[in-house]
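The following exercises concern one protein structure. Work through each task before reading its solution.

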Amino acid sequence: MFDPLAAVRERSGRGCDVYLTGTVFLDIIFTGLDSAPVRGTESWARGMGSSPGGIANMATALARLGLRTSLAAAFGDDMYGDYCREELETGEGIDLSLSHTVPGWHSPVTVSMAYEGERTMISHGHEAPPGPHAPPHREAGTAYDPDAPPCPPPAAACVSSLVPGRPQEWVATAARRGSRVFADVGWDETGRWDLGALAELAHCEAFLPNAVEAMRYTRTDCPRAAAHALAEHVPLAVVTLGAEGAYAVDAGTGETAHAPGIPVEALDTTGAGDVFVAGFVTGSLAGWPLADRLAFAALTSALSVQEFGGSLSAPGWPEIAAWWRSTGCAQEPRRTRYAFLDRILTGCAAAAPPRRAVPTLGFRPPES
């Protein structure tokens, strides 16, 4: 695999590039819907696919960019769990040695319906019960997996999804051990939108919420104002703007950067935020300037929404190289903004068709 981080990795001496933990869902995605489903009617979709979802979106996006990725997650002992584990471990090369299968626990499932450039999701699942290795009376190592190690493995970076009021002790441990912590956040079900409830934010190098989340947490009415307000709480604030790109503020240097969105025909936006974070983490570990990191993250996110499936739509280096050589370098202002890719993509062939979400599980190979 093409590896632009080889030189940096040799200097770090870390066991893995990125560690993360969370819930793995089986995603079932319907595309080609003309509108949202209407109560009392039946809607037919023109496309369908299945793929590992949830934290698998982020893990796959990181692995496809060449980062050695370690994932701690619980898997159900049903067919869905077996499928997700095989796709991640065998198909994507993700280290699942810290993951485990929970007997009698079924896999969480999400049905995602994509239409009008957005998606609506319905999920079902139960929090994984404590396993035999979970110490008694201990706070969960993460908000999702009671068996996840309280001391994560040595890693250059860790990625966490912050949950208001649900402490994740491993984040502070990872930061103390020298890991760079990158965090995003989901919708605040409490409705309070209190930054003080995100205790782990104090240990993060970068915080990457979307525009709505950032404005609610900062009580502002402008994404850029929200980014500047967040920079008072975290060294690097990055606010994603959907199709409009992203905006970042470096609290230490005062530097700001804006990466405009890349116009594409969006088929399925599931996992686009996870792919953005993966691109930003990759650029950060490689030591790229802030503007380049932001532009690269926006590019990877844009490429992902042109295919369906949150995890299996994540682009790899061959797809990035193909975009640059066929589209990016041919058009201004992209030729200027993404010129850094010329240096990075030296030796990367624009080949190898990507693996995509399949219409259904368990296809058997054709008989010889």
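**Exercise 1. Determine how many disulfides the structure holds, and examine Cys16.**

Solution. A disulfide is a pair of cysteine sulfur atoms within 2.5 Å. By this criterion the structure holds zero disulfides. For Cys16, the closest cysteine sulfur belongs to Cys158 and lies 7.3 Å away, which is too far for a bond. Next, consider accessibility: a residue is buried under 20% relative accessible area, exposed over 50%, and partly exposed in between (1.4 Å probe, protein chains only). Cys16 is therefore buried, at 9% relative accessibility. Cys84 is likewise counted as buried, at 2%.

The model is a predicted one, in which local features need pLDDT of at least 70 and side-chain atom pairs count only at pLDDT 80 or more, while totals for chains, interfaces and linings use all residues. Residues are numbered from 1 along each chain as its sequence is written, and side-chain values use heavy atoms, with hydrogens and water left out.

**Exercise 2. State what the average pLDDT of the protein chain is, and find where the pLDDT is below 50.**

Solution. The pLDDT is the predictor's confidence in each residue, from 0 to 100. The protein chain averages 87, and 88% of its residues score at least 70. Over residues 137–144, however, the value is below 50. Beyond near neighbours in sequence, this stretch has 24 contacts in the model (contact: heavy atoms within 4.5 Å). Where pLDDT is low, the predicted coordinates should not be read in detail.

**Exercise 3. Describe the open sheet of eight strands and identify the strands at its edges.**

Solution. Helices (H or I, at least four residues) and strands (E, at least two) are DSSP runs, numbered from the N terminus. The protein chain has eleven helices and 14 strands. Two strands pair if DSSP finds at least two bridges between them. Eight strands form the open sheet, in the order S4-S1-S9-S10-S11-S12-S13-S14, with mixed pairing. Strand S4 (69–72) and strand S14 (256–259) stand at the edges; each has a single partner strand, so one side of each is left without a neighbour in the sheet. Within the sheet, S10 and S11 pair in the parallel sense over two bridges, and Ala183 stands opposite Phe207 in S11.

**Exercise 4. Identify which residues of helix H4 are buried and what covers them.**

Solution. In H4 (residues 169–176), the residues Trp170, Val171, Ala172, Thr173 and Ala174 are buried. Their cover includes strand S1 (16–21), strand S9 (155–162) and S10. After H4 comes Gly178, with a positive phi near 100°.
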